[in-house]
Amino acid sequence: KVLRGHPWVLTNAIINAEELVNRSPCLVNVEAADGEALGVALYNRSGPLPVRMLSRQAFVRVDARFFAERFERALRYRERLFAEPFYRLAHAEADQVPGLVVDRYGDHLCVQASSGLDHLLWP
């Protein structure tokens, strides 16, 4: 389903889940059954959606710059839509930051991280 644009991989499609048990939550490279690289994802074995795609490019470095680019893109879009700085700045998969919701209230941000992303951002 990832090939068709789905942002998640369901439990029954994970072949090597037992290898990831002790590393969860973690970043993983996602591959199709034929070995084709499909991108980078956040894996969390205890979530209802264990694999959430972060990028459609394989072997992408997921670091501060990675998130900054997504937030800058989301900010530019919201600034076109809203005259005042009171809005949802980042809305998970819709802004390519699965497991992360950021609300903006003027100069203040309210961050809600879930799906294991919180353990990666703030270990």
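**Close-up views of a predicted model**

**View 1. Asparagine 29 finds its partner across the sheet.** Let us start with a pair of residues: asparagine 29 has valine 40, in S3, as its bridge partner. The model is a predicted one, in which local features need pLDDT of at least 70 and side-chain atom pairs count only at pLDDT 80 or more, while totals for chains, interfaces and linings use all residues. Residues are numbered from 1 along each chain as its sequence is written, and side-chain values use heavy atoms, with hydrogens and water left out. S2 and strand S3 (residues 37–43) run antiparallel and are joined by 6 bridges; two strands count as paired if DSSP finds at least two bridges between them. Both belong to an open sheet of 4 strands, ordered S1-S4-S3-S2 with antiparallel pairing. Strand S1 (8–9) and strand S2 (26–31) are the edges, each with a single partner strand, so one side of each has no neighbour in the sheet.

View 2. Helices (H or I, at least four residues) and strands (E, at least two) are DSSP runs, numbered from the N terminus. Of the 123 residues, 36% are buried; buried means under 20% relative accessible area, exposed over 50%, and partly exposed in between (1.4 Å probe, protein chains only).

**View 3. Helix H2 has a buried side.** Phe66, Phe67, Arg70, Ala74 and Arg78 are buried in H2. These residues cover an arc of only 90° around the axis, which puts them on the same side of H2; the arc is that of the directions from the helix axis to the C-beta atoms. Alanine 74 is buried, with a relative accessible area of 4%. Turned away from the buried side, the other face of H2 carries the exposed residues Ala64, Arg65 and Arg80.

**View 4. Salt bridges link separate parts of the chain.** The structure holds 5 salt bridges, each a side-chain nitrogen of Lys or Arg within 4 Å of a carboxyl oxygen of Asp or Glu. In one of them, the side chains of aspartate 95 and arginine 78 meet at 2.6 Å, N to O. Aspartate 95 is in the loop between S5 and S6 and arginine 78 in helix H2, so this pair ties together parts 17 residues apart in sequence. Arginine 78 is buried at 9% relative accessibility, and aspartate 95 is buried at 12%. Another salt bridge joins arginine 52 and glutamate 93 (3.0 Å, N to O). This pair is 41 residues apart, with arginine 52 in strand S4 (residues 51–55) and glutamate 93 in the loop between S5 and S6.

**View 5. S6 and S7 form a hairpin.** Strand S6 (residues 100–105) and strand S7 (residues 108–113) pair in the antiparallel sense over 6 bridges. Leucine 100 has alanine 113, in S7, as its bridge partner. With 2 residues between the strands, the hairpin includes glycine 106, which takes a positive phi near 65°.
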